[in-house]
Amino acid sequence: MAEEEGPTVELRQRKKLKTSENKESVKEEKISDTPVPERAPKHVLFQRFAKIFIGCLAAVTSGMMYALYLSAYHERKFWFSNRQELEREITFQGDSAIYYSYYKDMLKAPSFERGVYELTHNNKTVSLKTINAVQQMSLYPELIASVLYQATGSNEIIEPVYFYIGIVFGLQGIYVTALFVTSWLMSGTWLAGMLTVAWFIINRVDTTRIEYSIPLRENWALPYFACQIAALTGYLKSNLNTYGERFCYLLMSASTYTFMMMWEYSHYLLFLQAISLFLLDSFSLQQSDKVHEVYKIYIFSLFLGYLLQFENSALLVSPLLSLVVALMLAKCLQLNVKKGTFVAKIMKVINFYLVCTLTVTLNIIMKMFVPHKENGHMLKFLEVKFGLNMTKNFTMNWLLCQESLQAPSQDFFLRLTQSSLLPFYILVLIICFLSMMQVIFRRINGKSLKETITLEDGRIGGRPEIIYHVIHTILLGSLAMVIEGLKYLWTPYVCMLAAFGVCSPELWMTLFKWLRLRTVHPVLLALILSMAVPTIIGLSLWKEFFPRLMTELMELQEFYDPDTVELMTWIKRQAPVAAVFAGSPQLMGAIKLCTGWMVTSLPLYNDDDLLKRNENVRHFRLQIYQIYSKRSAEDIYKILTSYKANYLIVEDAICNEVGTMRGCRVKDLLDIANGHVVCEEGDKLTYSKYGRFCHEVKINYSPYVNYFTRVYWNRSYFVYKINTVISFQS
């Protein structure tokens, strides 16, 4: 090449002596200097188009098949289509019943505006309390579902319950499709997406709670978060063209805002994402502008969410807002220092310290000046969870006893290992993390890195989207190791990251670079393994787990709860329309859905007043759950009449509960809160001269019959009318 270039340069220098020839030479030089994009051969374009078409078809098909699978499994599990409406509604348990009940209320409203007004000024759910149900319970999914049901004319085609659960199942299909696309974008092959879907479905007990509680807020919200992750992954890629970058930015903006509107805890998850992006910005200097564009999306979503969520102060005092504002301020204070110098390294450390300090300071200032009720119960729970505080509080101890709030069990790790997910995830995470650290140390030492990383380089940790995902999955995994309920946030991305890794030639090439493989051409071996390993995994999963999935669909199960059906039927037929029922919050949610009658409490833990109705340490007399404690008939009567309750429902399952975990039965927790048992050394034992109310009231003797009259009972429930005029009997 050097011999060929020499004469050309010499010829151009000679032509400069003549004017006419000089003009021609300038034209030739412009033509030669202008990069002419080489058109790829037709067969190459066809291969690219076929790859993208097949990948998109596989992604959409995977999502649709998963949604159909959920629908078929739900039908088989509950025998849903052969049930009456009341029996179908009983399948919605706890807080899920509350969400679906408001969807029903919206459909009964004469107009959408009237329905929204009744929900925002709701005084027909909880006695003596008017609530903004839309804000307090994040009912935006129900509002959207009711609008779509009526606007699309579905009321003439399909029943409301099928439309509602169909939307949720459809969103789960989008969830799976988004995970497919994310893994595809990272690995470059749609084979990774197929493996992601396979692992997700096989481990669905640990990836989603859709089987247990359909209307949960996370089932509505997490599909949008998965779309946001997919868009962010594409946005962070270095080789993305302008149009692709704009599309990813718009999709990311829309999905971030929608995710924030669907779930009240979404800003905490976005806070972890913002931390991941902040660390990415610190380690990967090329992506600084893109990361700050994502920060702007956070600011816009928080501001718009604050306005449309009835000025939700929780968004203003959220750690996400404090962190993003601190990052913006820190960027404004940054000095133009030459990269790689000692001063630049010192400035990086100072910038990191400045961001952390500003975030904490801003959050404290916002909480001082902005009136808020920002999930104080959550902070108290975390204090007790980590041993920073001790409490006899009934609700806190009850939450600590919940399996979903315990540390993950061995069965969880065993299930992930049996499906081969956990071993491959750990392998991929270790390789990506070590490669990332290698790249970071190179940058710290001032070594220049290539802008475009090729397969031969074997540096998978140098890609910004990989750095982001490694940091994010470590943060989510750390939380999941503390609270098992958070595994539903972490495990889906375990599926995605593990599938990306085993299908990525770049990851295998990185490993071979470290091993200094010389016997076989490393690039060829990496390409072979990136296809052979996922194929072997897929075949083994198909052989072992596919028959199980088919067996689940073939088994016809039945949800059988005749006692609850009889109770709801009696309430609808015998109880006055203005009656108020008292009982456990979980049962009250079912009564609100199935009958529409007013209740004294709800199974919600984000409202201080409702928490006090369930329990209150200082004023234990104002406690609905006290019906299962050792208190007098007069005490219970005062509690119930203070909330204008007309009927009391005692559940035999709670009264005679045999708990597997020591001290976690409702009656045990109540005895601890009331001081009727010794919880710790030094506690004072308060002797109760009364028996347990739920037992004593069944015997029908004075003074219990003076306050309560049994009007209905079956094997599981005892209903007592609360007497308005007390007649004392001897």
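Student: How many of the 5 residues of strand β3 (residues 647-651) are buried?
Tutor: This is a predicted model, where local features need pLDDT of at least 70, side-chain atom pairs count only at pLDDT 80 or more, and totals for chains, interfaces and linings use all residues. Residues are numbered from 1 along each chain as its sequence is written, and side-chain values use heavy atoms, with hydrogens and water left out. Buried means under 20% relative accessible area, exposed over 50%, partly exposed in between (1.4 Å probe, protein chains only). β3 is largely enclosed by the rest of the structure, because the buried count is 5 of 5.

Student: Which residues of β3 are buried on each side?
Tutor: Strands here are DSSP runs (E, at least two residues), and helices are runs of H or I with at least four, numbered from the N terminus. Both faces of β3 are covered. One side has Tyr-647, Ile-649 and Glu-651; the other has Leu-648 and Val-650.

Student: In β5, which residue is the bridge partner of Leu-648?
Tutor: Two strands pair if DSSP finds at least two bridges between them. β3 and β5 run antiparallel, joined by 5 bridges. The partner of Leu-648 in β5 is Tyr-720.

Student: And in β3, which residue is the bridge partner of Phe-581?
Tutor: Strand β1 (residues 580-582) pairs with β3 in the parallel sense, over 2 bridges. Phe-581 is bridged there to Tyr-647.

Student: Which residues of the largest nonpolar core touch the most other members?
Tutor: A nonpolar core is a set of buried Ala, Val, Leu, Ile, Met, Phe, Trp, Tyr and Cys residues joined through side-chain atoms within 4.5 Å. The largest one has 164 residues. Its largest share, 15 residues, comes from helix α9 (residues 160-187). The residues that touch the most other members are Leu-277, Phe-581, Ile-591 and Ile-649.

Student: Why are the rings of Tyr-69 and Tyr-73 a stacked pair?
Tutor: Rings of Phe, Tyr and Trp (its six-membered ring) pair if their centres lie within 6.5 Å; planes under 30 degrees apart count as stacked, over 60 as edge-to-face and the rest as tilted. The structure holds 33 aromatic pairs. Tyr-69 and Tyr-73 are stacked because their centres are 6.2 Å apart and their planes are at 20 degrees.

Student: How far from the ring centre of Tyr-99 is the charged end of Arg-217?
Tutor: A charge sits over a ring if NZ of Lys or CZ of Arg is within 6 Å of the ring centre and within 35 degrees of the ring normal. Arg-217 sits over the ring of Tyr-99 in this way, and the distance is 3.8 Å.

Student: Is Asn-714 buried or exposed?
Tutor: Asn-714 lies in the loop between β4 (708-713) and β5 (717-722). Its side chain reaches the backbone nitrogen of Tyr-717 at 2.8 Å. Its relative accessibility is 11%, so Asn-714 counts as buried.

Notes: Polar contact = N/O pair within 3.5 Å; in protein donor to acceptor, adjacent residues only side chain to side chain.
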